[in-house]
Amino acid sequence: MTALPGGRASSAPLLGDDIEPTIFEMSVEGRHSYQLRTTDVPKAPLEELVPNEHLNHDVIALAQVSERDLVGHFTRLSHRQFAVDLGAYPLGSCTMKYNPKFCDAVAADPGLNSVHPGAPAPLVQGWLELLVDLEEKLCEITGMQAATLQPAAGAAGELTGLLLMRAYHEANNDPRRRVLIPDSAHGTNPASVTLGGYEVTTIPSGANGLVDLAALKAALGPDVAGIMLTNPNTVGLFEEEIEDIASAVHDVGGLLYYDGANLNAILGVVRPGDMGFDIVHMNLHKTFATPHGGGGPGAGPVAVSARLAEFLPGPRATRLSDGSYDWVTPARSIGRVHGWHGNAMVLARALAYIDVHGGDGLTRIAQHAVLNANWLRKRLSATLPAAYDYPCMHECVLTASPIKASYGVRALDVAKRLLEEGFHAPTVYFPLIVDEALMFEPTETESLQTLEALASALERIALLCANEPDVVRNAPQSTPVTRVDEARAARHLVTTEDAAGR
Amino acid sequence: MPDYLPHTPDEVTSMLDFLGLDSLEHLFAHVPNALKLTQGLRLPDGESEPDVAERFKHYTNANKATLSEMVCFAGGGSYDHEVPAVVKSLGSRAEFVTAYTPYQPEVAQGVLQAIFEYQTMIARLSGLSIANASLYDGATALVEAVNMAAGSTGKETLLISSGVHPHWRAVVHTFAKGTGHRVVEVPLVDGRTEWSKVSSSDLAKGAAVVAAYPNYLGVLEDLSVAKDLSIRADALFVVAGDPVAAGVLKTAGQWGADVFVGEGQPFGTALAFGGPYLGLFACTLDQIRRLPGRLVGETVDTRDRRAFVTTLRAREQDIRREKATSNVCTNQTLMAVTAAIQLGWLGTYGMREVATRCAQGARYTFDQLVGIDGVAPISTQPFFREFALRTPQEASTVLERLAGEGFLGGLALSALGGPDGSVIANDWEHTLIIAVTERRTKFEIDEFATAFAKAVK
């Protein structure tokens, strides 16, 4: 008997048709849910506690619902939401792999979760040791010397890295002006460069999807602070000339920044530090499987080579010579980049994930991620050709451009129809350099049966494009809502219940 | 070899066959050999979940400042509020926890609508019309606020009260190194910002006037002074506020703020050693084109049914790239959803009740402690739920002694950062900031006062 796919949601996975009222629409004056502790604290009147000029004499309307209605409301909302736990989520560049429940359970332990971040160091030795252990393991994984765990997400890591770059050059009395970025880069890269006080110089990709080394060399000069690269890059290909790129950038005194969005592809196989990178950010919510939370939280630690360690944000958890732990701020630190110590619970989950896998397990993750992406790429070659006919890493960029040319159906339509097949859509129209791009990242946690079901679904869609293109153009129909009017949302801006006039 | 990989050895072989490869290593044939790790990572071997759980006990046992071992009087943006079972349960639903950014609205109405409700609640609590879908934390939200102000005014000087939490000011300083913004910290006198110290040339260059409400020493400042200054400077008025205060105090909007930022941890998120927390951000409609991060708007689907979608996307980094209003992508959505659930649980009157009880508890605690010999408030100004005391011994010593009695007795000012304009210099090592929430009982407070009296002897 052939196994059925485990990672495919049923064809109508989500509750349909009726809209869910907002919590404010469910509100009835006088209802309530809250219950507070009995404290016996004297109930002084507010007027005695707070001077009149500070008091708000009106209460602010929130909602007034029973606990039963609160549970019903948010549970129904959850049924209108796709998630990794429901089915495969091959959203390229986002590494939507299965998030082990164990890691959530570890972080939920009150011995970690109920600790105040401002407690004196002697009272939080366990947390400090955990952070030091994680830092050391992340440095081994990336081939770097030291790391900050403060940045709360990848983009925060990028900006931190650029400020480290700036601090390094300024310490050498060599302020520089430009940062190079390939045209295939994530949008956060150029946005971070601007906030880092640098100008962006865009490097074109070659026809093979890789950095054009000649164009790169032409753009280099003594005013270049560094380059930001993703490797494998955003089209899922390994930058094979990375050593030449690194020496060219280093030759003009620039630094190499590694965008860790695609680190999953190379775990235990090759390390950014060994490729010549000086600064590396990691997306722990991608590579180390911490849940994405509907868009966050993440964590974006930044690891650096030895020459940049003295500039790292502080304070850093540090092991002292007597074996105890304390907060230490590096000598020429750029300063804090987070209100406390970073997204600590995300950090704890990532450490648990690393510890379960160990060194060999992390390598298997990369191997299986790359295996799945290549299998899918080849399996779909007759349906949706790869943008670059070359072995990919952990994700493959396919193109709907032939389908568009033949039937007038766009990549977006294909993605929308896939939602009705029980899968999340791939990333569409990214990277920008690929026409009608559909970027699939199956991840290592989807089974062969699920990949086959995904491929079959895309074949059915391709057939529909030929025979009944309007079905694809009008998809999805069976989801909680059909396509939404994005132009209206922007034109008639309604971002609160008040603006809706309810 | 513990892991979460589904493939059997036979399946791996058949998949490799399909690709015409002999081994998994061949998948990496195009990676230069000279770069490859030959011995693998120097990490311990993988361990099963129960084995790792045993080792994690080493960490948890070494943490003494847990809520079960210590009664918490520490605050500074992180507070021990009630988080009921219903909020924990709903906030940990896998559909919210394991989703990604709602790029496909047809299958993301759950998160989108929850964010819409969150935006409504934060807009109301801040007294402003627009709230975004969250930022990382209070400190980084403040950075986005001052960046907005600089973009909006075309000026680069940030006039920041020294009453803003020292960590938040430190974060502003860090990111100002990239943007080139100039930070002017305005000193406190008797716990209040001495705005008259701002020079007329700084005033003219001011892009933002930033005040804290209450400030990090707990003091309630009359924000109309800062508001007037911002009008004279033609700067944006940014209020960094404790969102729980909005249960009873005037909102940022009522004080005339253009932007409100705050730390949303009190809305359903655990102390969590400082993260993940929730950066609250709200502003006037005038500033919407410069809003950082995601925003959810209401619209309709093709069948004219109400639907929600991320909107005004052209501000964001994936479209606008180097001209984006911010580089933020991943935010703290799960904490925002949790905040919506917590605020739904509290409701209109629960929010006011929590804020009132915080103020009552703080006053009662204050009254017990200031009667102790040698202990005095550092300011004569009114406070809400947090206050600062001068202690005869160094505050760190007092905290150490209190810890021995089972109390996390507050935050030592000296641990928050170096001496700055926020207190009189010789009080720096002798100032303790104490926070009280609705969870502190009279019994706990009385015991705390007894321990405090011993600790300062």
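Leaving aside residues up to four places away in sequence, Leu402(B) touches Phe407(B), Gly409(B), Ala451(B), Phe452(B) and Ala455(B). The model is a predicted one. Leu402(B) is part of helix 12 of chain B, which covers residues 395–404. Is Leu402(B) buried or exposed? Leu402(B) is buried, because 23 C-beta neighbours lie inside 10 Å and the cut-off for a buried residue is 20 or more. Lys454(B) is 52 residues away from Leu402(B) along the chain, yet the C-alpha atoms of the two are separated by 8.7 Å.

The next topic is the interface. How many residues of chain B are in contact with chain A? There are 176 of them, and they meet 173 residues of chain A. On the side of chain B that touches chain A, the element that gives the most is helix 11 (residues 333–370), with 23 residues. Sorted by class, this side of chain B has 87 nonpolar residues, 52 polar residues and 37 charged residues. The size of an interface is often expressed in another way, as the accessible area lost when the parts come together.

The backbone comes next. Most peptide bonds are trans, and most residues other than glycine have a negative phi. The table lists exceptions in this model.

| Site | Feature | Angle |
|---|---|---|
| Gly314(A) to Pro315(A) | cis peptide bond | omega near -5° |
| Ala475(A) to Pro476(A) | cis peptide bond | omega near -5° |
| Thr443(A) | positive phi, not glycine | phi near 70° |
| Phe273(B) | positive phi, not glycine | phi about 50° |

Where do the two prolines of chain A lie? Pro315(A) sits in the loop that runs between strand 7 (302–304) and strand 8 (316–319) of chain A. Pro476(A) is found in the loop between helix 16 (469–473) and helix 17 (486–491) of chain A.

Thr443(A) counts as buried because 27 other C-beta atoms are within 10 Å.

Notes: Residues are numbered from 1 along each chain as its sequence is written. Chains are lettered from A and ligands numbered from 1 in the order in which they are written. This is a predicted model: local features need pLDDT of at least 70, side-chain atom pairs count only at pLDDT 80 or more; totals for chains, interfaces and linings use all residues. Helices (H or I, at least four residues) and strands (E, at least two) are DSSP runs, numbered from the N terminus. A residue is buried if 20 or more other C-beta atoms lie within 10 Å of its own, exposed if 12 or fewer, and partly exposed in between; C-beta atoms are placed from the backbone. Two residues are in contact if their C-beta atoms, placed from the backbone, lie within 7 Å. Ala, Val, Leu, Ile, Met, Phe, Trp, Tyr, Cys and Pro count as nonpolar, Asp, Glu, Lys and Arg as charged, and the others, Gly among them, as polar.
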